[in-house]
Amino acid sequence: MDREKLERRIAALPICGYGFLPVSDLPFKEEVRYICRTECPRYGKSWSCPPAVGSLEECRKRCLCYEGGFVFTTMAEVTDPENMEEMLSTRKEHEEISRKVRDLFLEEEQKVLVLSTESCAICAHCTYPEGPCRHPDNMFESLEGYGILVTELAERCGIPFLAENHLITWFSLVLYKPL
């Protein structure tokens, strides 16, 4: 992989911060999965979230099969940070950028696994658990659903975790290895 070329191409995207790290530095935490299980309304309702993504140990093993990780953020501004609908409406642009970053890694002849924010929102109603995913090639599994603590991941990559009144920070992680 030509990392210098890749970084030049990434610089053309509206990414706020990014960093590379070895997969051994990914912070898997059972506490994150506990929050999914006890507080998230999408738990058990999406192919991109637990329990569909597998156990924490299965997620860890899947990630450790890759060589490295590329973490990046985008930001969006909202008028009312308490308005969940408005906040989630800003996520679509981040997911489009995540697809572009994925494609850049694929062009570098890398096998990739992309983990992104929240639960997949491609379909109005997910088929889980009744039927297979309608868009397995476009669906990104949840970063937190894998049990990865995003604040610690950001810290390990030197990415500021901004939590200001009207700014939303979205995160994605691209795991990669040569084909």
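Which residues of helix H6 (residues 150-157) are buried? This note, on a predicted model, answers that question in its fifth point, after an outline of the chain.

1. Overall make-up. The chain contains six helices and five strands. Followed along the sequence, these elements come in the order α-β-α-α-β-α-α-β-β-α-β.

2. Dimensions and packing. The radius of gyration of the chain is 16 Å, which agrees with the value near 16 Å that a compact globule of 179 residues would have. Along the principal axes, the C-alpha atoms fill a box of roughly 40 × 40 × 30 Å. Of the 179 residues, 47% count as buried. When contacts between residues at least 6 apart in sequence are considered, 80% of them join residues at least 24 apart.

3. Surface and charge. The accessible surface of the chain is about 9,600 Å², and carbon and sulfur atoms account for 51% of that area. Among the side chains, 21 are positive and 30 are negative. The centres of these two sets lie 6 Å apart.

4. Helix H3. In H3, which spans residues 56-64, the buried residues include Leu56, Cys59 and Cys63. These three residues lie on the same side of H3, because they cover an arc of only 65° around the axis.

5. Helix H6. To return to the opening question, the buried residues of H6 are Val150, Glu152, Leu153, Ala154 and Cys157. They pack against strand E1 (17-22), strand E2 (68-77) and strand E5. After H6 comes Gly158, which has a positive phi, near 70°.

6. Leu143. This residue is placed in the loop between E4 and H6. Is Leu143 buried or exposed? Leu143 counts as buried, because its relative accessibility is 1%, and the limit for that class is under 20%. Leaving aside neighbours within four places in sequence, its contacts are Leu115, Ser116, Ile148, Val150, Leu153, Phe171 and Leu173. Two of these partners, Val150 and Leu153, are themselves among the buried residues of H6. The C-alpha atoms of Leu143 and Cys49 are separated by 8.9 Å, although the two residues are 94 residues apart along the chain.

7. Cys120. Cys120 is situated in the loop between E3 and strand E4 (141-142). It counts as buried because its relative accessibility is 16%, where the class requires a value under 20%. Which residues does Cys120 contact, neighbours within four places in sequence being left aside? They are Arg42, Ser46, Ser48, Arg91, Met139 and Phe140. Ala12 is 108 residues away from Cys120 in sequence, and the two are 25 Å apart in space, C-alpha to C-alpha.

8. Glu109. Glu109 belongs to the loop between helix H5 (91-107) and E3. Its phi is positive, about 60°, although Glu109 is not a glycine. With a relative accessibility of 57%, Glu109 counts as exposed.

9. Pro178. Pro178 lies in strand E5 and is partly exposed, with a relative accessible area of 46%. Not counting residues up to four places away in sequence, Pro178 touches Glu67, Glu109, Gln110 and Lys111.

Conventions
Residues numbered from 1 in each chain as written. Heavy atoms only, no water. Buried < 20%, exposed > 50% of the residue type's maximum accessible area, 1.4 Å probe, protein only. Helix = DSSP H or I, 4+ residues; strand = E, 2+ residues; numbered from the N terminus. Arc of directions from axis to C-beta. Contact = heavy atoms within 4.5 Å. Rg over C-alpha atoms; globule rule 2.2 N^0.38 Å. Areas by Shrake-Rupley, 256 points an atom, 1.4 Å probe, with all protein chains shown as cover. Lys, Arg positive; Asp, Glu negative; His and termini not counted. Charge placed at Lys NZ, Arg CZ, Asp CG, Glu CD.
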